[in-house]
Amino acid sequence: MTKRLFISNTTRQNLILQVRWAGDHSGKLFARQIASGRQIEITERELGADPQPKWQAIEEHLDRMGARDTAELHQSQIEDYLGITYRWDAQISETEIVSGHEMVMENADRRAAEEALKAAAGAHIAINGDQRIQAKTTAVEVIQDYDPRKGPDEQAIKFSATVDPVAGQKVGKLKRRA
């Protein structure tokens, strides 16, 4: 049985996997496109003679890209997941690709919420400074712009964050609006 590697792209962007073989002085580049929501299969036959160092180069490249073993998607929320998964010798199911995409979206929403909270805290400090606090609470609301002729789509975002010096920071849930 030949060794096979499946790599999936759970993001909305198309991805090109490009690897140069270490020690190969031919300058050849191994490149494969992975469309959004799809997977590719790499086999020993594609790698040619002496595939073991090439497998190692692909694994190292995937590690540098932040790719995760598909088994990790089943364990819990991966905070730094960027949307690329792989599995040896078995295809990645459609359900796993969809759950990976949902994880990518959750991570993007979390990062957006963190940035909005930083903006709210910055506004609070800019308004109140080190002086006696004049405002009890500072609030920031983020509403994504959209084309008024088309209206908001399912990806439109509405978000609010507040900073209360007594109670601490409170982040509203990032909501997609329709």
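Rings of Phe, Tyr and Trp (its six-membered ring) are taken to pair if their centres lie within 6.5 Å, with planes under 30 degrees apart counted as stacked, over 60 as edge-to-face and the rest as tilted. The legends below describe a predicted model, in which local features need pLDDT of at least 70 and side-chain atom pairs count only at pLDDT 80 or more, while totals for chains, interfaces and linings use all residues. Residues are numbered from 1 along each chain as its sequence is written, and side-chain values use heavy atoms, with hydrogens and water left out.

**View 1. The aromatic pair of Trp55 and Trp88.** The structure holds one aromatic pair. Trp55 and Trp88 form this pair in an edge-to-face arrangement, at 5.2 Å centre to centre and with 70 degrees between the planes. Trp55 lies in helix H2 (residues 51-65) and Trp88 in strand S6, so the pair ties together parts that are 33 residues apart in sequence; helices (H or I, at least four residues) and strands (E, at least two) are DSSP runs, numbered from the N terminus. Trp55 counts as buried at 0% relative accessibility, whereas Trp88 is partly exposed, with a relative accessible area of 24%; buried means under 20% relative accessible area, exposed over 50%, and partly exposed in between (1.4 Å probe, protein chains only). Lys3 lies over the face of Trp88, at 4.7 Å from the ring centre, where a charge sits over a ring if NZ of Lys or CZ of Arg is within 6 Å of the ring centre and within 35 degrees of the ring normal.

**View 2. Strand S1 with its partners S4 and S6.** Strand S1 (residues 4-9) is mostly covered, five of its six residues being buried. S1 runs antiparallel to strand S4 (residues 39-43), to which five bridges join it, and five bridges also join S1 to the antiparallel strand S6 (residues 84-88); two strands pair if DSSP finds at least two bridges between them. Leu5 has Ile42 as its bridge partner in S4, and Ile7 stands opposite Tyr86 in S6.

**View 3. The antiparallel pairing of S2 and S3.** S2 and S3 pair over six bridges, and Ile16 stands opposite Gln33 in S3. Leu29, found in strand S3 (residues 29-34), is partly exposed, with a relative accessible area of 41%. The C-alpha atoms of Leu29 and Val19 are separated by 5.9 Å, although the two residues stand ten apart along the chain.

**View 4. The largest nonpolar core.** A nonpolar core is a set of buried Ala, Val, Leu, Ile, Met, Phe, Trp, Tyr and Cys residues joined through side-chain atoms within 4.5 Å. Of the 19 residues in the largest one, Ile7, Leu17, Ile42, Ile58 and Leu62 touch the most other members. S1, S2, S3, S4, H2 and S6 each supply at least two residues of this core, and its largest share, five residues, comes from H2. Leaving aside neighbours within four places in sequence, Leu62 is in contact (heavy atoms within 4.5 Å) with Leu5, Ile7, Leu17, Ala67, Ile84 and Tyr86.
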